[in-house]
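Student: I would like to go through this model by question and answer, starting with the ligands and ending with the backbone.

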Amino acid sequence: MKKVYVKSYGCQMNVYDAERMSDVLAPEGYAQTDRPEEADLVILNTCHIREKAAEKVYSELGRVRQTKQERAQAGRETKVVVAGCVAQAEGAEILKRAQVVDAVVGPQSYQRLREILRAAERRRVVDTEFPVADKFDELPALDARRVRGRGVTAFLTVQEGCDKFCSFCVVPYTRGAEVSRPVAKVLAEARTLAEAGVREITVIGQNVNAYHGEGPDGRTWGLARLLRALAEIAGVARLRYTTSHPRDMDEELIAAHRDLPSLMPYLHLPVQAGSDRILAAMNRKHTGDAYRRIIERVRAARPDIALSSDFIVGFPGESDADFEETMRLVADVGFASAFSFKYSPRPGTPAADETAQVPEPVKAERLARLQALLEEQRQAFNRDTVGRTVEVLIEKSGRHPGQLAGKSPYLQAVVVENAGLSVGDVVPVTIVRAGSNSLFGGTNASRAGAPPTQPDVSANASAGEAALAVQ
Ligand code: 5AD
Ligand code: SF4
C-alpha cells in the first residue's frame with residue numbers, strides 16, 4: 001500500500017483541506033502516515049499569512065529533500081507536492097527555488113490531485129487555477145469510516161475567500177473572492193458528519209459571518225439561519241464558527257447566540273488594532289468604539305460568552321499612542337484567549353509598500369507588552385472557571401490512565417478524571433484547578449453521554465459532581 005504524509009500549516013481551513021486531500025487520494029490506495037520517511041508522497045499544505053510561515057515551508061522542504069535522497073538510495077521513489085496558500089502565491093517560483101518539488105497545487109485545485117500526480121510522472125506541474133467548477137462538487141463524498149477515525153469534532157467549510165481587502169492581508173489574493181456553499185450541500189455534509197459520530201461541528205470560512213449561501217427556498221441565507229438549521233441535526237451537540245469580521249456581526253447572528261443552546265458561548269472576532277487611525281489605514285472599516293459596541297450587544301445576548309481576537313502590532317505608521325489604544329481596547333473588552341502578531345509585510349498587499357514601517361525592536365517590545373496583558377486575561381478567565389461546573393465534550397483519552405481530555409464550552413482544554421466516560425460524551429465537570437494550559441476536574445457521572453445518534457446527551461447527565469482526585 002502506498003503512503004501519504006500530509007503536513008498542514010496555518011489556519012483551520014488548511015486542516016480541512018488536508019483532510020479532503022487525503023480523501024481524494026484514498027481511492028488511489030494511499031494510506032496516511034505521520035512518518036515522512038515512509039511516505040511515497042509528501043504534501044506540505046502551506047500558509048502564506050506571515051513571512052515566517054512561508055520560510056518554514058522552505059526549511060521543511062530542505063528536510064524533505066534529505067528524506068527523498070535517503071529513500072532513493074534504498075530504491076524508493078518519493079513525490080513531493082506543495083499545496084495551500086504559498087503554492088497559490090508563489091506558483092512556479094517554488095519549482096525554481098526547491099528542486100525537490102514535483103507539483104505545486106493551489107487551494108482551489110486540490111480536487112484534481114490524482115490527475116496532477118499522474119501528470120507529475122512526466123514533468124513538474126503547477127496548478128493554481130481558480131476553476132469555474134465548484135471544487136466541493138468534484139471532491140469525493142465524505143466517507144463515514146474516515147470521518148470517524150478523525151474524532152468527534154470536525155471542521156466544515158461553508159465559505160471561502162475574502163472581499164474585504166484589509167491592507168495587510170494576502171487572503172483575498174491567495175484564496176480569491178468570497179464564495180459561499182449552498183445551504184443544502186452544507187447540511188448534507190453536516191448530516192454525514194453527525195451520522196459518523198461527530199458531536200461538534202465548527203463551520204469555517206475566511207469570513208464565515210459574511211456567509212450568504214443559496215437556501216433550499218431559493219433565497220440567500222446568512223450564517224445565523226444556517227446555524228439554526230445545523231442546530232436541528234440530531235447528534236450535533238455543539239456548534240462553533242470561525243473566523244469572523246466585526247462588520248458582518250449582524251443582529252440575527254447575535255440573536256442566534258441568545259437562542260441556540262448548541263451554539264457555544266465563544267466568539268473569535270478579530271479586531272487587529274485599537275486605534276481608529278490604524279484601523280482606517282488597515283481598511284477595516286470600523287472604529288475601536290464600534291467594536292466595543294458589538295461586544296456589548298453580543299454580551300447582552302449571551303452574558304457568559306468568551307471572547308477571542310487577533311491583533312497586529314507595528315502596522316506601518318503605528319505610533320506609541322496608537323499602540324496604547326490597542327492596549328486600552330484589550331483592557332476594556334477582556335479576552336479569554338487571543339492571537340497576536342508582529343506586522344509582516346506581504347508582497348502585493350498595499351501596506352507592504354508603506355514607507356513608515358515600524359522598526360523590528362519596537363514591534364518586539366509592543367508585542368511583548370500586548371501578549372503579557374492578553375496572557376494575564378487568559379489566566380484570569382481560566383481561574384474564574386475554578387469551582388464552576390461546565391459541560392465538557394470528551395474528545396480523547398488523556399495522558400494518564402483514567403484521564404480523559406475534552407473541551408469546555410469556552411474552548412478551554414479540560415482534563416477529566418473518570419474512567420467510566422467515553423469519547424463523544426458531553427458531561428458536567430466541576431473544575432478544581434486551572435493549570436497554565438488546561439483545566440482539571442472530575443465528574444462522578446458515568447457513561448453520562450449517549451450514543452452519538454441521540455441528540456442532547458447532556459440532559460441525561462447525572463448532576464452530582466464532587467470533584468474526584470485530580471493530579
Ligand atoms: N502580518 C501580521 N499578521 C497578519 N495577519 C494577517 N496578515 C498579517 C500580516 N501581514 C493576522 C491577522 C489575521 C490573522 C489570521 O493573521 O491578525 O486576523
Ligand atoms: Fe484578510 Fe481582512 Fe479578509 Fe480577514 S477580513 S481574510 S484579515 S482581508
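Predicted model: local features only at pLDDT ≥ 70, side-chain atom pairs only at ≥ 80, totals over all residues.

Tutor: Residues are numbered from 1 along each chain as its sequence is written, chains are lettered from A and ligands numbered from 1 in the order in which they are written, and side-chain values use heavy atoms, with hydrogens and water left out.

Student: Which side chain has an N or O atom 2.6 Å from an oxygen atom of ligand 1?

Tutor: Polar contacts here are pairs of N or O atoms within 3.5 Å; within protein, one must be able to donate a hydrogen and the other to accept it, and residues adjacent in sequence count only if both atoms are side-chain atoms. Backbone N or O atoms lie 3.0 Å from a nitrogen atom of ligand 1 in Phe168 and 2.8 Å from a nitrogen atom of ligand 1 in Ser344. The side chain at 2.6 Å from a ligand oxygen belongs to Gln272.

Student: How much of the accessible area of ligand 1 does the protein cover?

Tutor: Accessible areas come from the Shrake-Rupley method with a 1.4 Å probe; for residues, only the protein chains shown count as cover. On its own, ligand 1 has 410 Å², and the protein covers 87%.

Student: Which elements give two or more residues to the shell around ligand 1?

Tutor: Elements are DSSP runs numbered from the N terminus: helices are H or I with at least four residues, strands E with at least two. The shell, counted by heavy atoms within 4 Å, includes Ile312, Phe341 and Lys342. The elements are strand 15 (306-313) and strand 16 (337-342).

Student: How are helix 10 and helix 11 oriented to each other?

Tutor: Axes are lines fitted to C-alpha atoms, for helices over the stretch in contact, and angles run from 0 to 180 degrees between N-to-C directions. The axes of helix 10 (residues 223-231) and helix 11 (residues 251-259) come within 8 Å and cross at roughly 25 degrees. Angles under 35 degrees count as roughly parallel, over 145 as roughly antiparallel, 65 to 115 as roughly perpendicular and the rest as oblique. The two helices are therefore roughly parallel.

Student: At what angle do helix 14 and helix 15 pack?

Tutor: Helix 14 (residues 320-333) and helix 15 (residues 360-385) have axes 10 Å apart, and the angle is about 5 degrees.

Student: Which residues does a cis peptide bond join?

Tutor: Most peptide bonds are trans. In this cis bond omega is about 5 degrees, and the pair is Thr242 and Thr243.

Student: Where is Asn283, with its positive phi?

Tutor: Phi of Asn283 is about 65 degrees, although Asn283 is not a glycine. Asn283 is in the loop between helix 12 (276-281) and helix 13 (288-301).
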